[in-house]
Amino acid sequence: MRVSKESIFTGLNNLNVPTIADERLDESFGFTDKEVQQLLGYYDMSEKYGAVKEWYDGYRFGNVEVYCPGM
């Protein structure tokens with residue numbers, strides 16, 4: 001847990017804890033559109049792209065729009 005790691009008694013009191021707003025990690029919290037297209041192509045399901053985009057697209061982390069991380 002974040003709270004247990006940040007204490008004056010642990011020696012780990014100056015941690016840098018990234019969040020979903022950190023632009024360096026914006027593509028790490030879900031699948032990009034390109035990745036979804038590649039995955040659907042790999043599994044020969046490219047025709048499902050429209051349905052997948054409708055159901056799972058629309059999350060924004062940092063400056064990148066990604067598909068639902070739980071997809």
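Biologist: Is Tyr42 buried or exposed in this model?

Modeller: Keep in mind that we're looking at a predicted model. Tyr42 has a relative accessible area of 67%, and anything over 50% counts as exposed. So Tyr42 is exposed.

Biologist: Okay, and which helix is Tyr42 found in?

Modeller: Look at the stretch covering residues 33–42. Tyr42 belongs to that run, which is helix H2.

Biologist: How are the rings of Tyr42 and Tyr43 arranged, edge-to-face or stacked?

Modeller: The count here comes to 1 aromatic pair. The ring centres of Tyr42 and Tyr43 sit 4.9 Å apart, with the planes at 85°. Planes over 60 degrees apart go in one class, so this pair is edge-to-face.

Biologist: What is the area of the nonpolar surface patch there?

Modeller: Tyr42 and Tyr43 are both exposed. They make the patch together with Leu39 and Met45. Its area is about 470 Å².

Biologist: Where is Asp44, and what is its phi?

Modeller: Asp44 is in the loop between H2 and helix H3 (49–56). With a relative accessible area of 66%, Asp44 is exposed. Most residues other than glycine have a negative phi. Asp44 has a positive one instead, near 55°.

Biologist: Which residue meets Lys53 in a salt bridge?

Modeller: By the rule used, there's 1 salt bridge to find. Lys53 counts as partly exposed, because its relative accessibility is 35%. The N to O distance in the bridge is 2.8 Å, and the partner of Lys53 is Asp57.

Terms used:
Residues numbered from 1 in each chain as written. Predicted model: local features only at pLDDT ≥ 70, side-chain atom pairs only at ≥ 80, totals over all residues. Heavy atoms only, no water. Patch = residues over 30% accessible without salt bridge, like charges linked within 9 Å, V, L, I, M, F, W, Y side chains within 5 Å. Areas by Shrake-Rupley, 256 points an atom, 1.4 Å probe, with all protein chains shown as cover. Salt bridge = Lys/Arg side-chain N within 4 Å of Asp/Glu carboxyl O. Helix = DSSP H or I, 4+ residues; strand = E, 2+ residues; numbered from the N terminus. Buried < 20%, exposed > 50% of the residue type's maximum accessible area, 1.4 Å probe, protein only. Phe/Tyr/Trp six-rings, centres within 6.5 Å; stacked < 30°, edge-to-face > 60°.
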